[in-house]
Amino acid sequence: MRKIVIAGNWKMFKTQAETQDFLQGFLPHLEETPPEREVVLCPPFTNLNVLSKSLHGSRIQLGAQNVHWEENGAYTGEISAPMLTELSVRFVIVGHSERRQYFGETDATVNLRLKAAQKYGLTPILCVGETKEQRDAGETESLITSQLDKDLIDVDQNSLVIAYEPIWAIGTGDTCEAQEANRVIGLIRSQLNNPHVSIQYGGSVKPNNIDEIMAQPEIDGALVGGASLEPASFARIVNYKVNYK
Ligand SMILES: O=C[C@H](O)COP(=O)(O)O
């Protein structure tokens, strides 16, 4: 069964105090959220502990923004899967384009991170997507095929979420047309060997476009950056309306 997964990626935003303020504003809205929708928050590592305690017993799942492939070791600045599971983290974003662009993430290291996450029971959210230049050159399909081929070697597709995030749509307000996102996500699905993998769309998802995005048959959720930082806007996203049009 494909699950609906709406995840907020807070990137490098929010102190612990700001996180508590967010929860006060956001949690009451979850009473309206249909139970089948999985709601995930992926804060900076420094907020996982406080969220793990505050969200105990809540329906919000915790996610991290990265994970190292070793269990421990001399890897300054990295965090391992057992460190995350100890804090009740269930999901982890892997291969976000910002990691690939700014921190030297490659398909080979993405693959290692995916396997390490799964080994410890974390569900990875694998991000794939093309740049504007690649799209304009007609390379969207080949790029995504190549990412999937390399990233998913020996990865268990029974415990996996994929996020299609066209890089040109991230943080730009320039959302990919919902029908086009649906087309590319259909293409991603056709390359998987498990029909139950949930595939999200990410890239300038906002309260004013979530209904149309979620009305698309191939799209199983959203990976939300900027609009997940504000309680009312993330609440409107997780409470998207199904009777779009
Ligand atoms: O992980 C989230 C994506 O990078 C989307 O970010 P955005 O919603 O701010 O465009």
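**Overall fold of the predicted model.** Among contacts between residues at least 6 apart in sequence, 72% join residues at least 24 apart; contact means heavy atoms within 4.5 Å. This is a predicted model, in which local features need pLDDT of at least 70, side-chain atom pairs count only at pLDDT 80 or more, and totals for chains, interfaces and linings use all residues. Residues are numbered from 1 along each chain as its sequence is written, and side-chain values use heavy atoms, with hydrogens and water left out. The protein has 10 helices and 8 strands. Helices (H or I, at least four residues) and strands (E, at least two) are DSSP runs, numbered from the N terminus. The radius of gyration is 17 Å, close to the 18 Å that the globule rule gives for 245 residues, so the protein is as compact as a globular protein of that length. That radius is taken over C-alpha atoms, and the globule rule is 2.2 Å times the number of residues to the power 0.38. Along the principal axes, the C-alpha atoms fill a box of roughly 50 × 45 × 30 Å.

**Surface and interior of the protein.** Of the 245 residues, 53% count as buried. Buried means under 20% relative accessible area, exposed over 50%, and partly exposed in between (1.4 Å probe, protein chains only). The protein exposes about 11,100 Å². Carbon and sulfur atoms supply 52% of that area. Accessible areas come from the Shrake-Rupley method with a 1.4 Å probe; for residues, only the protein chains shown count as cover.

The ligand is surrounded by 13 residues. Lys11, His96, Gly171, Ser204 and Gly226 are the closest. By class, the shell has 4 nonpolar, 7 polar and 2 charged residues. Ala, Val, Leu, Ile, Met, Phe, Trp, Tyr, Cys and Pro count as nonpolar; Asp, Glu, Lys and Arg count as charged; the others, Gly among them, count as polar.

An oxygen atom of the ligand is 2.8 Å from an N or O atom in the side chain of Lys11. For the side chain of Asn9, the distance from a ligand oxygen to an N or O atom is 2.9 Å. For the side chain of Glu165, the corresponding distance is 3.3 Å. Taken alone, the ligand exposes 300 Å², and the protein buries 97% of that.

**His96 beside the ligand.** His96 is among the closest residues to the ligand. The loop that holds His96 runs between strand E4 (89–94) and helix H4 (97–102). His96 counts as buried, at 4% relative accessibility. Beyond its neighbours within four places in sequence, His96 is in contact with Asn9, Lys11, Cys127, Glu165 and Ile170.

**Val39 in strand E2.** Val39 belongs to strand E2 (residues 37–42). Its relative accessibility is 1%, so Val39 counts as buried. Val39 and Gln61 are 22 residues apart along the chain, with C-alpha atoms separated by 6.1 Å. Neighbours within four places aside, Val39 is in contact with Ile6, Phe26, Leu30, Thr33, Arg59, Ile60, Gln61, Phe234 and Val238.

**Ile237 in helix H10.** Ile237 sits in helix H10 (residues 231–238). Ile237 is buried, with a relative accessible area of 0%. Not counting residues up to four places away, Ile237 touches Ile6, Val205, Lys206, Pro207, Ile210, Val224 and Ala227. The C-alpha atoms of Ile237 and Lys206 are separated by 6.9 Å, at 31 residues apart along the chain.

**Glu180 and Arg135.** Glu180 is found in helix H8 (residues 178–190). Its relative accessible area is 18%, so Glu180 is buried. A polar contact of 2.9 Å joins the side chains of Glu180 and Arg135. A polar contact is a pair of N or O atoms within 3.5 Å; within protein, one must be able to donate a hydrogen and the other to accept it, and residues adjacent in sequence count only if both atoms are side-chain atoms.

**Two loop residues with positive phi.** Lys14 lies in the loop between strand E1 (4–9) and helix H1 (16–26). Phi of Lys14 is near 85°, a positive value in a residue other than glycine. Asp154 lies in the loop between helix H7 (140–151) and strand E6 (161–164). Phi of Asp154 is near 60°, also positive. Asp154 is exposed, with a relative accessible area of 68%.

How values were computed:
Near = heavy atom within 4 Å.
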